[in-house]
Amino acid sequence: MPPTVHVRIPTGPGTSRRQAFTEPVVSFGRDAANPLVVANPTASRRHGELRFEGDRWVVVNLSPNGTTVNGRK
């Protein structure tokens with residue numbers, strides 16, 4: 001089982017919430033079927049995944065629009 005990954009999700013100007021995941025693959029996007037729902041109109045329904053590979057978490061882009069993490073593609 002991978003270590004827990006904690007994701008900070010913006011909820012408004014200057015506010016956010018933190019969510020923890022322990023699954024080895026966590027999909028994210030606008031669709032409510034994703035464990036991590038992104039309430040952003042520019043996000044795809046299934047925008048990407050967080051995957052535990054080897055000994056680290058990686059972000060996998062599944063969107064033709066690209067994925068940004070901390071302001072970096």
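**Entry 1: Ser 63**

I began with Ser 63, which counts as buried because its relative accessibility is 5%. Buried means under 20% relative accessible area, exposed over 50%, and partly exposed in between, with a 1.4 Å probe and protein chains only. The model is predicted: local features need pLDDT of at least 70, side-chain atom pairs count only at pLDDT 80 or more, and totals for chains, interfaces and linings use all residues. Residues are numbered from 1 along each chain as its sequence is written, and side-chain values use heavy atoms, with hydrogens and water left out.

I then looked up the place of Ser 63 and found it in the segment after β6. Leaving aside neighbours within four places in sequence, I found Ser 63 in contact with Ser 44 and His 47; contact means heavy atoms within 4.5 Å.

**Entry 2: elements of the chain**

I looked up the secondary structure and found zero helices and six strands. From the N terminus on, the elements run β-β-β-β-β-β. Helices (H or I, at least four residues) and strands (E, at least two) are DSSP runs, numbered from the N terminus.

**Entry 3: the sheet**

I noted an open sheet of four strands in the order β4-β3-β5-β6, with mixed pairing. β4 (36-37) and β6 (56-61) stand at the edges with a single partner strand each, so one side of each has no neighbour in the sheet. Two strands pair if DSSP finds at least two bridges between them. Strands of a sheet pair through backbone hydrogen bonds, either parallel or antiparallel.

I followed β3 (residues 25-29) to β4 and found parallel pairing over two bridges. In this pairing I found Gly 29 opposite Val 37 and Phe 28 opposite Leu 36. I then followed β3 to β5 (residues 48-53), where four bridges join the two strands in the antiparallel sense. Here Phe 28 stands opposite Gly 48.

**Entry 4: β3 and Val 26**

I checked the cover of β3 and found this strand mostly covered, with four of its five residues buried. I picked Val 26, whose place is in strand β3. Val 26 counts as buried because its relative accessibility is 0%.

Leaving aside neighbours within four places in sequence, I listed the contacts of Val 26 as Phe 21, Pro 35, Leu 36, Gly 48, Glu 49 and Leu 50. I also looked up Val 69, which is 43 residues from Val 26 in sequence and 15 Å away in space, C-alpha to C-alpha.

**Entry 5: the whole chain**

I compared the radius of gyration, 12 Å, with the value near 11 Å that a compact globule of 73 residues would have, and the two agree. The radius is taken over C-alpha atoms, and the globule rule is 2.2 Å times the number of residues to the power 0.38. Along its principal axes the C-alpha trace spans about 30 × 30 × 25 Å.

I noted that 29% of the 73 residues count as buried. Among contacts between residues at least 6 apart in sequence, 17% join residues at least 24 apart.
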